[in-house]
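Subject: Structure handover

Hello,

Here is the structure for you to look through. Open it first, then read my notes below.

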Amino acid sequence: MDSKRIPKFGKFRVFLENNHAGELWKNRIVDPGSDISLQWNKVFLISCLVALFVDPLFFYLPTIVQAEGSTCMAIDLKLGITVTCFRTIADVFYLMHIVFKFRTAYVAPSSRVFGRGELVVDPELIARRYLRTDFFVDFIAALPLPQIMIWFIIPLIKTAQSDYTNNALVLVVLLQYIPRFYLIFPLSSEIAKANGVVTKTAWAGAAYNLVLYMLASHVTGSAWYLCSIERYATCWKYLCEQDIETQTRCQSSYLVCNNLEKPDRKAWAGTTRVFSKCDPNNASDPNVFDYGMFSNALSKQVASATFTEKYLYCLWWGLQNLSSYAQSTNTTTFVGETLFAIVLAVMGLVLFAHLIGNMQTYLQSLTARLEEWRLKRRDTEEWMSHRQLPQNLRGRVRRYVQYKWLATHGVDEDAILHQLPADLRRDIQRHLCLDLVRRVPFFSQMDDQLLDAICERLVSSLITQGTYVVREGDPVTEMLFIIRGRLESSTTDGGRSGFFNSIALRPGDFCGEETLAWALVPNSNANLPSSTRTVTALEEVEAFALRAEDLKFVANQFRRLHSKKLQHTFRFYSHQWRTWAASFIQSAWHRFKRRKMAHNLSISESLSSLPLLEHDETETTAAAAAEEEEEEIPSEPEQSVAVKRLALRFVANTRRGNLRVKDVQMPKLVKPQEPDFSREGRDEGGSLF
């Protein structure tokens, strides 16, 4: 049957078994790599851990009862019912996991040559594969065998031997505990395969390994308690077979509390010495049974205590001996006891090496970056001391290292971004930079496509106080856009004496605009432009840097950078163009003032020469009248000489005023490079922006 894959529906990835639209959601097959599969595996892993904690509680059901000067063994049915209720809840999750596995697709082994592989979504093939592989283990783990033993079998056995009942219960629990414990490993592997790790945070990983270590201590303590009860029952059985001094012959049924009220049992209890010889408190008596490593559970009457007391004491015993590799235990020559001690020592060594080692690794990862930064800072201090750097340079280095740690916490952001695909990297850069870039007035005129291209190539830059970003005359390698902090931009116009111009750059401003003019010039050479200004950090500055090569790439790919409107916006916000424009306007104003001053001087000279002209004309007229009276002959040549003399005096005074005006030196800045914006065409009304 042909299978058809259907897109996501909620958190499910659904696959169809046929092409009928009416049966669209009839049969759902879950993708093993989907979110729902991952979440279920995590929930089932937690339920498995809870079930592993619940099952050893069945070992605490046998208890020793002190009654009327004698002792007997019984089963705590109240505890058994409580434990089986929790066990039933855990069994429900195992059944749900079986159903889930029947509806989970798998990757065909033949398609794993390249990539993830092809998913098999046929329910019949999935069921066949599951029945051949993991179904038997899951089925054994889900059977409610302890519930059947506690609720039905044990209450019906009234006269059975206590050791038989205990052994049957232990066998049933162990039969299911082994496959349940085995399920944790493939489940953790599936979570790690889908998610990369079992836990996302270091604290969760440390807690997970600690829980596994506590689980091992819990199992060890409960097994130690059960073995202690079993050794006590062994002592009773051994001495009961040798009890021939009493009139009433000892029977194994006398050890069960159900037969406590029988007359034969009472008669036997009044004359037997079994209880005294099995009493672990009489350790000084050589005839007392040697319990070895189980003596503490019996001498301190742990078996007769309440559930909380016995559980905590056994948990402490297991934790203590696992941590010390069973070095504090005193064993006898009994083979079972010796094997238990050996298993305990080996398990403690393996768990300490694996679980505690992993836990230490997770905890160290929390401070790994801090330790790495501390070592790097120590190496930096040793290097500065070895090279005998002056204190001012050392202070600047320390400020930069400290400021970079506060800003990034030792994370290499560029390395993380370069590992991601281009589309995802573009979206992340847009999220990080777009709002900040739009605060720059020059970029606010651009459209989204051009801003995406620029945001993709922006890199973060940290500048400490007093650091020179670029010096006048040095090549400009990047264009810097300020996000936080202040910079000082100054120029001496190429080192011209007596000239200095300084401005403050604040958030939203930019510097290094020479690279933009260089990038917009068609067929520009490989030489980077020289800086016309010196830029210094007045305080700690966070900025985005756009390298010259990236800016040239954007300029070549996006011709909208050649828009006339964008050109005027760039000139308006460029401090280099502003300085040149201010100098140009100032020079034009001084030229205008100079011409006006010369014009005013010429007018004043003309007005000051009028009285002298009138006085000379009066004298000439009087002399002429006298001569006319005397000789009556006119003298016109003498009048022409006087007019020429006055004209020469006016020209000389005008030239002296012009020389005085020319002594004023005006600042002359070189106009910034003008890109050839004509290669793309004209703006056509600025419709692009």
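Are aspartate 55 and arginine 87 buried or exposed? Both are buried. Buried means under 20% relative accessible area, exposed means over 50%, and partly exposed is in between (1.4 Å probe, protein chains only).

Two notes on the source. This is a predicted model, in which local features need pLDDT of at least 70 and side-chain atom pairs count only at pLDDT 80 or more, while totals for chains, interfaces and linings use all residues. Residues are numbered from 1 along each chain as its sequence is written, and side-chain values use heavy atoms, with hydrogens and water left out.

Salt bridges

Side chains of opposite charge can pair when their charged atoms come close. A salt bridge here is a side-chain nitrogen of Lys or Arg within 4 Å of a carboxyl oxygen of Asp or Glu. By this rule there are 14 salt bridges.

Aspartate 55 and arginine 87 form one of them, at 2.9 Å from N to O. The two are 32 residues apart: aspartate 55 is in the loop between α1 (35-54) and β3 (62-67), and arginine 87 is in helix α2. Helices (H or I, at least four residues) and strands (E, at least two) are DSSP runs, numbered from the N terminus.

Now look at α17 and α18. Glutamate 456 and arginine 426 meet in a salt bridge of 3.6 Å, N to O. Glutamate 456 lies in helix α18 (residues 448-457) and arginine 426 in helix α17 (residues 422-438), so this pair ties together parts 30 residues apart in sequence. Glutamate 456 is partly exposed, at 21% relative accessibility. Arginine 426 is also partly exposed, at 30%.

Arginine 430 and aspartate 452 form another salt bridge, with their closest N and O atoms 2.3 Å apart. This pair also links α17 and α18, with arginine 430 in the former and aspartate 452 in the latter, 22 residues apart. Arginine 430 has a relative accessible area of 28%, so it counts as partly exposed.

Salt bridges with shared partners also join Asp55, Arg87, Asp91 and Arg180 into one network.

Nonpolar cores

A nonpolar core is a set of buried Ala, Val, Leu, Ile, Met, Phe, Trp, Tyr and Cys residues joined through side-chain atoms within 4.5 Å. The largest one has 79 residues. Tyr94, Trp224, Trp236 and Cys278 have the most contacts inside it. Helix α8 (residues 202-242) gives this core its largest share, 16 residues. Apart from it lies another core of 24 residues, among them Ile454, Phe510, Leu520 and Phe544.

What does tryptophan 236 contact, leaving aside neighbours within four places in sequence? Its partners are Thr71, Cys72, Met73, Leu255, Val274, Phe275 and Cys278. Contact means heavy atoms within 4.5 Å.

Around helix α5

Tryptophan 151 is in helix α5. It is partly exposed, with a relative accessible area of 38%. Threonine 84 is in helix α2 (residues 77-102). At 0% relative accessibility, threonine 84 is buried. Not counting residues up to four places away in sequence, threonine 84 touches Phe58, Pro146, Gln147, Ile150 and Trp151.

That is the tour.

Best wishes
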